Amino acid sequence: MKENFGFSLHFAHLLVPLQPISEDYHVLNKYIMAKMRGAIVVDTERCKGCQLCIIACPQKVIALANKVNLHGYPYVEAVNEEACVGCASCGIVCPDGCITVYRKKVEE
Amino acid sequence: MAEEKKEVVLMKGNEAIAHAAIRCGCDGYFGYPITPQSEVIETLAELKPWETTGMQVVQAESELASIYMVYGAAGAGKRAMTSSSSPGIALMQEGITYMAGAEVPGVFVNVQRGGPGLGTIQPSQGDYNQATRGGGNGDYKVIVLAPNSVQEMADFVDLAFELAFKYRNPAMILSDGVIGQMMEKVVLPPFKPRRTDEEVIKECPWASTGKPKNRERVVITSLELKPEAMEKRNIALQEKYAKIQENEVRYEEKQMEDAEYAIVAFGSAARIAEKSVELAREQGIKVGLFRPITLFPFPTKQIAELSKKVKGILVAEINAGQMVQDVRLAVNGAVPVEQFGRLGGIVPDPEEIVNALKKVM
Amino acid sequence: MDRNQIVQPENIVCKKPTLMNDNNMHYCPGCSHGVVHKLVAEVIEEMGMADKAVGVSPVGCAVFAYNYIDIDWQEAAHGRAPALATGIKRCWPDRLVFTYQGDGDLACIGTCETIHALNRGENIVIIFVNNAIYGMTGGQMAPTTLIGQKTSTCPYGRDPEIHGYPLKMADIAAQLEGTCYVTRQSVESVASINKAKKALRKAFEASMAGKGSSLVEFVSTCNSGWKLTPAKANEWMKENMFPFYPKGDLKDTTDK
């Protein structure tokens, strides 16, 4: 299955075709049903702690870390990564492109 | 080499600019109508070069828009120009300083008229300071060529582009309503094809033409927030202007060999002063004419030399006294320097200049 | 399955666009500019136009857009970007030429250039990031500031008696003959970002197909100027900006 790296919004072909979605709930549902596991890597020096990823995440994976980076910004980290399904909502809404999202189908 | 068949035609100075632009491979003209130079864009519109050479002709919504269209096209390595008259050039000052700061080789023509403000549509030379001191902000210089004939209007378009691209600096042709509107015989320059895209990319690696993989991105900008970097930039600009001063001075002398007095004049005032020199000589006065052709770089050295040979200098210019300051700086007190000018769009007669000369003597 | 099995290059589904370099962006935390920049970078890359794109950046917060997206750029004087873009596109018709402007740049000092470039049907895309405030200079009133909205130059709220009314540039653009695509989008949620990206792609393709000018407005936030957190700013935008600047396509003649 050919995959386009780095084109963050082209994950649709991995799933059943998405209907036009207005709620992240529908995104979530499809991923859970397809049994995906996800993981995120945060570029902590790029992160500014705006927390929009925390709000976008339907699985409560992300939280503000109790640390600051070299620029003085508190950054985010995955605190509940087992719940991550790799929907990439965090990476998509991140204004600084800090989050690399990985997703792998759970083998039966 | 076969002799080129010379095309000798009779036309206005403004029309010559238009014809010369097409012939020198200009890629785009972006302008706005204003008296006394609307013939430039009207002639271009009539000649339809977009159908022959592919040169773009756009009537912009204002002089502001015009200068920025030139900025865009020239920043992308193309030969782009505009033309206007004094109040319109005043509007363009911001664009000009931006071009100087970003080192963009745009070309523009000022067909001067009386000012200040909206002024009059009659000719003047009141924009000398604006052209050479710069009406925009910051330390910058624009290359300034001052034609005094329809022939020079035609010849200076290609010269302005050559100098602009050689030094990556904006260049202007400082004309006036007399030269723009008068009709003279002119030999139009031969056709030079517009450069191809590949030639532009090769000649102008600094231009924003689209970033291929094998080079860094180009940013055409005059913005630099770090003071140390900005100082370096400014020093580099000053060094560039010094080079231009050293290499690009152009001037003309008439009957200066045995002259006891000199008239220094540019543009249409110089044409009138030529006649004044004739009249004065008839009256036994040994006077010659020194005509700066480049106003930046100003022929400072040459005028300093000249001041050692004459007893007095009259600067004849159609304004309240602008170039006379540069002449005085060059002369540095060696001999008396007086100025004669008319204001409000009035063009002086040759006799008036002779009378003024007698006062110097 | 342990984490190392998931975090493998072949499993990447989302990352910073390749056309965005590693420079940290100077925008405030949570600023919409960052997301719009990502979309511009992604669409240019996906269209294969990275070596043919020329962007024109504004005076405003996005003045340094040229430091982040790895294409050729020109920095315009305040409001004049559409004039620069006209000069570039007329002389380089096969390039993808776009402007990236804020509300002060596009709808105040640049109103004339905006309307005329759009009306001439120049084959360019004008990207309009509208957050109803002057961010870069510290939060002054903009021509798109809403009635009642407080900024540093209308601290008691915008009052039509003193300050006049907010300007709906997209509506004006949709009336112009020269435009082929005028749309309003936003980038606060995954769904809106998906739609916004499609709109941007449509506009870029229309410009390359010679269909005329496009205006893509992104109704955005300025959490610094509005003095709200990024999250609260998104909420404020949904409650106040969306009703006044409704999203959707105002004009689309791209299939003609």
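Residues are numbered from 1 along each chain as its sequence is written, and chains are lettered from A in the order in which they are written. Because the model is predicted, local features need pLDDT of at least 70 and side-chain atom pairs count only at pLDDT 80 or more, whereas totals for chains, interfaces and linings use all residues.

The model scores ipTM 0.94 and pTM 0.90.

Chain C gives 36 residues and chain A 40 residues to their contact (C-beta atoms, placed from the backbone, within 7 Å). Among the elements of chain C that give two or more residues are β1 (12–14) and α2 (32–46); helices (H or I, at least four residues) and strands (E, at least two) are DSSP runs, numbered from the N terminus. The most, 6 residues, come from α2(C). Strand β4 (residues 99–105) of chain A and β1(C) run antiparallel, joined by 2 bridges (strands pair if DSSP finds at least two bridges between them). In this pairing, A:Tyr102 stands opposite C:Ile12.

In chain B, 7 strands form an open sheet of mixed pairing, in the order β3-β2-β4-β5-β7-β6-β13. Each of β3 (56–59) and β13 (294–296) has a single partner strand, so one side of each is left without a neighbour in the sheet. Strands β4 (residues 80–84) and β5 (residues 107–112) of chain B pair in the parallel sense over 4 bridges, with B:Ser83 opposite B:Val109.

Definitions and conventions. Two residues are in contact if their C-beta atoms, placed from the backbone, lie within 7 Å.
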